[in-house]
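Here is a short note to read beside the model. Take the points in order and find each residue as you go.

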Amino acid sequence: MVELRPSALERDHYECQRCNHNWDSEQYPNKRKKTLTIAKTVHHIYSVEKYPEYAKELWNLVSLCYRCHNEVEGRAWFKFKEYKKKPQINDERW
Ligand SMILES: [Zn+2]
C-alpha cells in the first residue's frame, strides 16, 4: 500500500499550507499573516467518514501544522470560543 501522508508532506515541502495561505478553508479561514510553519499533520479536505472514496486521493490531502489542523477540525479551543460567545441568560431580578 502506498503511504499517502509522506507523499502529501513532500509535495507541500513540509510546510503548513494554511499558514502559507496556499489553502484556506472556507469554513475556518486563516486570518493570520502569511507564515511558514512546519507541517506535521495531513488533513483530509473531504472527510474520510463522508467521502471514503477520496481517502486515498493525494489531491484530497493538505499538509497542516497542529494549530491549523485543530482549527480546521474544530477541536478544543474552537469549542471553547463558541461556548464563550453564548449569550448570557438575563437574570430576572433586575
Ligand atoms: Zn498552520
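**Notes on the zinc site and the fold**

1. Start with the metal. Cys16 (SG), Cys19 (SG), Cys65 (SG) and Cys68 (SG) coordinate the zinc ion at 2.2 to 2.3 Å. Donors are N, O and S atoms within 2.8 Å of the metal (3.2 Å for Na, K and Ca); water is not among the atoms, so sites may look incomplete. The site of the zinc ion is tetrahedral, with angles of 106 to 113 degrees among its four donor atoms. Four donors count as tetrahedral if all angles lie between 85 and 135 degrees.

2. A word on the source. This is a predicted model: local features need pLDDT of at least 70, side-chain atom pairs count only at pLDDT 80 or more, and totals for chains, interfaces and linings use all residues. Residues are numbered from 1 along each chain as its sequence is written, and side-chain values use heavy atoms, leaving out hydrogens and water.

3. Now the spacing. In sequence, the donor residues of the zinc ion follow C-x2-C-x45-C-x2-C. Cys19 sits in the loop between α1 (4-11) and β1 (41-44), and Cys68 sits in helix α2 (residues 66-73), so the pair ties together parts that are 49 residues apart in sequence. Helices (H or I, at least four residues) and strands (E, at least two) are DSSP runs, numbered from the N terminus.

4. Are Cys19 and Cys68 buried or exposed? Both are buried. Cys19 has a relative accessible area of 5%, and Cys68 has 0%. Buried means under 20% relative accessible area, with a 1.4 Å probe and protein chains only. Disulfides (pairs of cysteine sulfur atoms within 2.5 Å) number zero in the whole structure.

5. Next, the cores. The largest nonpolar core has eight residues: Cys16, Cys19, Trp23, Val62, Leu64, Cys65, Cys68 and Val72. β2 (61-64) and α2 each supply at least two residues of this core. A second, separate core of six residues includes Leu4, Leu9, Ala39 and Val42. A nonpolar core is a set of buried Ala, Val, Leu, Ile, Met, Phe, Trp, Tyr and Cys residues joined through side-chain atoms within 4.5 Å.

6. Look at Val62. Leaving aside residues up to four places away in sequence, Val62 touches Arg11, Asp12, Gln17, Trp23, Thr41, Val42, His43 and Ile45. Contact means heavy atoms within 4.5 Å.

7. Last, the whole chain. The protein chain has three helices and two strands, in the order α-β-β-α-α along the sequence. Of its 94 residues, 33% are buried.

Notes
Buried < 20%, exposed > 50% of the residue type's maximum accessible area, 1.4 Å probe, protein only. Tetrahedral: all angles 85-135°; square planar, octahedral: opposite > 155°, others 65-115°.
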